[in-house]
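Please read them with the coordinates open.

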Amino acid sequence: MIKPRLDTLLERADSHYATVIMSAKRARQINSYYHNLGEGTFDEYPPPMVETESKNYLKIALEEIAADKIKYRYRQ
């Protein structure tokens, strides 16, 4: 079973496409955060916003979306 559940994620976004784009962008930010920790320049990327045991950046991003920590809006 995949956690968080897809129906939970879709409650936070209006389409599958928005969920995929949002989670991919956030996973890249989390990846950059961990890679910049050793250099001491972590102001640019926010750390993970949920407590998790997972080391998979995409799973962390999906858990943040399910916890309603990530918001998005379309460009005008």
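The points below run from the overall fold to single residues.

1. Basis. This is a predicted model: local features need pLDDT of at least 70, side-chain atom pairs count only at pLDDT 80 or more, and totals for chains, interfaces and linings use all residues. Residues are numbered from 1 along each chain as its sequence is written, and side-chain values use heavy atoms, with hydrogens and water left out.

2. Overall fold. The protein chain has three helices and zero strands. Helices (H or I, at least four residues) and strands (E, at least two) are DSSP runs, numbered from the N terminus. In sequence order the pattern is α-α-α. The C-alpha trace spans about 40 × 35 × 15 Å along its principal axes.

3. Of the 76 residues in the protein chain, 28% are buried. Buried means under 20% relative accessible area, exposed over 50%, and partly exposed in between (1.4 Å probe, protein chains only). Contact means heavy atoms within 4.5 Å. Among contacts in the protein chain with a separation of 6 or more, 51% come from residues 24 or more positions apart.

4. Helix packing. Two packed helices are described by the angle between their axes and the distance between the axes. The axes of α2 and α3 come within 8 Å and cross at roughly 120°. That makes α2 oblique to α3. Axes are lines fitted to C-alpha atoms, for helices over the stretch in contact, and angles run from 0 to 180 degrees between N-to-C directions. Angles under 35 degrees count as roughly parallel, over 145 as roughly antiparallel, 65 to 115 as roughly perpendicular and the rest as oblique. The crossing of α2 and α3 is right-handed; the term applies if the near helix is turned clockwise from the far one by less than a right angle, and left-handed if anticlockwise.

5. The α2 and α3 contact. Which residues in α2 meet α3? They are T19, M22, S23, A24, R26, A27, I30, N31 and Y34. On the α3 side they meet Y57, L58, I60, A61, L62, E64 and I65. By class, this contact has eleven nonpolar, three polar and two charged residues. Ala, Val, Leu, Ile, Met, Phe, Trp, Tyr, Cys and Pro count as nonpolar, Asp, Glu, Lys and Arg as charged, and the others, Gly among them, as polar.

6. Aromatic pairs. Rings of Phe, Tyr and Trp (its six-membered ring) pair if their centres lie within 6.5 Å; planes under 30 degrees apart count as stacked, over 60 as edge-to-face and the rest as tilted. The count comes to three aromatic pairs. Y33 and Y34 have ring centres 5.3 Å apart and planes at 70°, so this pair is edge-to-face. Y34 and Y57 have ring centres 5.6 Å apart and planes at 15°, so they are stacked. Y33, Y34 and Y57 form one aromatic cluster. Y33 is buried at 13% relative accessibility. Y34 is partly exposed at 36%, and Y57 is partly exposed at 27%.

7. R26. This residue lies in helix α2. R26 is buried, with a relative accessible area of 3%. Not counting residues up to four places away in sequence, R26 touches P46, P47, P48, M49, A61, E64 and I70.

8. D68. Most residues other than glycine have a negative phi. Phi of D68 is near 65°, a positive value. D68 sits in the segment after α3 and is partly exposed at 35% relative accessibility.
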